[in-house]
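Welcome! Here is a short briefing to read alongside the structure. Take a look at it first, and then we can walk through some of its local features together.

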Amino acid sequence: MSNLPSPQSPDQHSERPQYGRKPRVAVVFGGRSSEHGVSVVTAASVLRAIDRDKYDVLPIGITSEGRWALTADEPERMAITDRRMPSVEQVTDHDGAVLLPVDPASREVVYTEAGAVPKALGEVDVVLPLLHGPYGEDGTLQGLLELSGVPYVGAGVLASAVGMDKEYMKRIFTSFGLKVGPYTVIRPREWEQDPAAARRKVEEFAQIHGWPLFIKPTRAGSSIGISKVDGPDEVDAALAEARRHDPKVLVEALLRGREIECGVLEFADGPRASVPAEIPPAASSDFYDFDAKYIDSAEGVVPAPLTEEQTERVRRLAVEAFEAASCEGLVRADFFLLDSGEFVINEINTMPGFTPISMYPRMWQESGIGYTELIDLLIQAALRRSTGLR
């Protein structure tokens, strides 16, 4: 195991960042969701850009099966190749597992392997969880870190869960007076007890709001599992595709308007919004789907060509959405600007795509904060805050 990181010295173990050593950042990526590859690509960008003079870095990948693996600090092995997304398995050369502490009094990370003595990898001061989708962005990992007493970047348990479940996200937004588009939900038990009634529910929704409509997993991201449905004959296939990723299905009406995004970043004095961006219609598909986002790299327009009043309004709404969901750290808020001039919020992402060409970093670059500085601000914010109720 010659490639294992050297453990920190006992002196360093007893010290916290404010006492002279560099904070140690565990960059955690991969995971069990369908967005595994997107997470690996994000991690590669962060590993290239993070300030190594300021931070010690421990890359930890979570395999598609859920094993926490010690990975190589080699971003070049984590790239999209021949239109195929990378995986954690490509960058781990070890069969053992990485274990986080479950004792809040210790931040010691341990590597275990069958038949070998566990190896201490040293303390971790903060976790940068670059996971997208369930089992990482949905509050599950955040709950583990809260139990471990390890600070982490981004939203807490509640906000992460709300940010992943689009139904309850919309319910919270409407309770705070934010406008959302028409939608309905097909819950797992509805489908299991009466699939025909679930199909009728979709068709009745379409009778009110018209075709086409969108059918998607309620708790997924990166436009995975979404279908644009033009009529009743396409409903079954769209439901099956959504249910491949999530047994709970969201049905949304088509909103005709411009897609506008805005980044929110938490500073010591509170959250602030970036300049907004616009996502133009994708030339290669009917909507801004997975291939348009990550394979064909559809170009967003930053800053969005909006009036000064529209810009200020969407920035204000983005911060309101951040606060409504009790978010921390960062959020990308996605809106539709309708032909009527009204902004309708579509969703928030509590861990948005984070490569240098992703919309969230691009919006902050245009707002005066570069990629490496953005990573630093997020880590520093996490180091300032405690785990537990706050």
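Asp125 is buried, with a relative accessible area of 0%. Please keep in mind that this is a predicted model.

**Around Asp125**

- Asp125 sits in the loop that links strand S6 (119-123) to strand S7 (126-130).
- Its side chain makes a polar contact with the side chain of Arg21, at 2.7 Å.
- A polar atom of the Asp125 side chain also lies 2.8 Å from the backbone nitrogen of Arg24.
- Buried here requires a relative accessible area under 20%, and Asp125 is at 0%, so it counts as buried.

**Nonpolar cores**

- Which residues have the most contacts inside the largest nonpolar core? They are Phe29, Phe354 and Ile375, in a core of 33 residues.
- At least two residues of this core come from each of these elements: strand S1 (24-30), helix H2 (36-49), S7, strand S12 (257-267), helix H11 (359-366) and helix H12 (371-384).
- Why does this core lie between domain 1 (24-152) and domain 2 (163-180 + 256-384)? Both domains give residues to the core, so it lies between them.

**Cis peptide bonds**

- Trp211 and Pro212 are joined by a cis peptide bond, with omega about -5°.
- Pro212 is placed in the loop between helix H7 (195-209) and strand S9 (213-217).
- The peptide bond from Val302 to Pro303 is cis too, and its omega is near -5°.
- Pro303 belongs to the loop between helix H9 (290-295) and helix H10 (308-324).

- Tyr135 is not a glycine, yet its phi is positive, at about 65°.
- You will find Tyr135 in the loop between S7 and helix H3 (140-148).
- Is Tyr135 buried or partly exposed? With a relative accessible area of 44%, Tyr135 is partly exposed.
- Ser326 is also not a glycine, and has a positive phi of about 55°.
- The loop between H10 and strand S15 (330-338) holds Ser326.
- Ser326 has a relative accessibility of 43%, so it counts as partly exposed.

Technical notes: Residues numbered from 1 in each chain as written. Predicted model: local features only at pLDDT ≥ 70, side-chain atom pairs only at ≥ 80, totals over all residues. Heavy atoms only, no water. Helix = DSSP H or I, 4+ residues; strand = E, 2+ residues; numbered from the N terminus. Buried < 20%, exposed > 50% of the residue type's maximum accessible area, 1.4 Å probe, protein only. Polar contact = N/O pair within 3.5 Å; in protein donor to acceptor, adjacent residues only side chain to side chain. Core = buried A, V, L, I, M, F, W, Y, C linked by side-chain atoms within 4.5 Å. Domains from an automatic or database assignment.
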